[in-house]
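Hi,

Here is the structure I promised to pass on to you. Have a look at it first, and then read my notes below.

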Amino acid sequence: MKNFKLFALATLAVMLFASCSSVRVIADYDQRADFRTYRTFAYYKTGIDRAQISDLDKKRILRAIDNEMVNRGFTKSQQPDILISIFTKEREQVDVYNNNWGWGWGWGWGGFYNPWLWGPGWGWGGSNVSTRTEGSLYIDFIDARSKELVWQGRGVGTLNNIKNIEKKEKRIKEFVSEILEEYPPENRIAAN
């Protein structure tokens, strides 16, 4: 029984760690766009201004995008090939966990032998309810000449209320990196 409890706790810890750190990414793109021609970028101010997050988080996201784009060989320019915009969404998730394998001690009514008795006793089971914030970060690439969306990446993951600024920066960098890992669409470049 002791080994089972240790195994269950270790499994739960791994599941919680994995669910907190993973970012699910979905990307879409215009099949007619020639992604090889995009070498310079700038931000689409109108889109950035509409993002409903704090200005500090906007700065963090834009710095992370800057780093990713420069590391990929792109150059920031006043006359860019692509414009980058962001927007965000968030929603509260409610998780209910049934803990039917645990035992505990407490006060309550009766039991099997005397249901009318009030007092201390042993019991099992119960449920835990927790809430978490799940956020989506969208990164849009817009052709600067045609002003048409050519690529969109969306990252969805848990955004726990991170009070530690370094952890918050790290989580934002993780979101941006995971999303931009899908750019450019490899199959489109290989086809040309």
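This is a predicted model: local features need pLDDT of at least 70, side-chain atom pairs count only at pLDDT 80 or more; totals for chains, interfaces and linings use all residues.

**What I found**

Residues are numbered from 1 along each chain as its sequence is written, and side-chain values use heavy atoms, with hydrogens and water left out.

The protein has 5 helices and 8 strands (DSSP runs numbered from the N terminus: H or I of at least four residues for helices, E of at least two for strands).

Ile139 is also among the residues with the most contacts inside the largest nonpolar core, which has 28 residues. Such a core is a set of buried Ala, Val, Leu, Ile, Met, Phe, Trp, Tyr and Cys residues joined through side-chain atoms within 4.5 Å, and buried means under 20% relative accessible area (1.4 Å probe, protein chains only). Elements giving two or more residues to this core include α3 (55-71), β7 (127-143) and α4 (165-180). Of the 192 residues in the protein, 32% are buried.

How far apart in sequence are the residues that contacts join? Among contacts between residues at least 6 apart, 75% join residues at least 24 apart.

Finally, from the N terminus on, the elements run α-β-β-α-α-β-β-β-β-β-β-α-α.

Enjoy exploring!

Conventions
Buried means under 20% relative accessible area, exposed over 50%, partly exposed in between (1.4 Å probe, protein chains only). Contact means heavy atoms within 4.5 Å.
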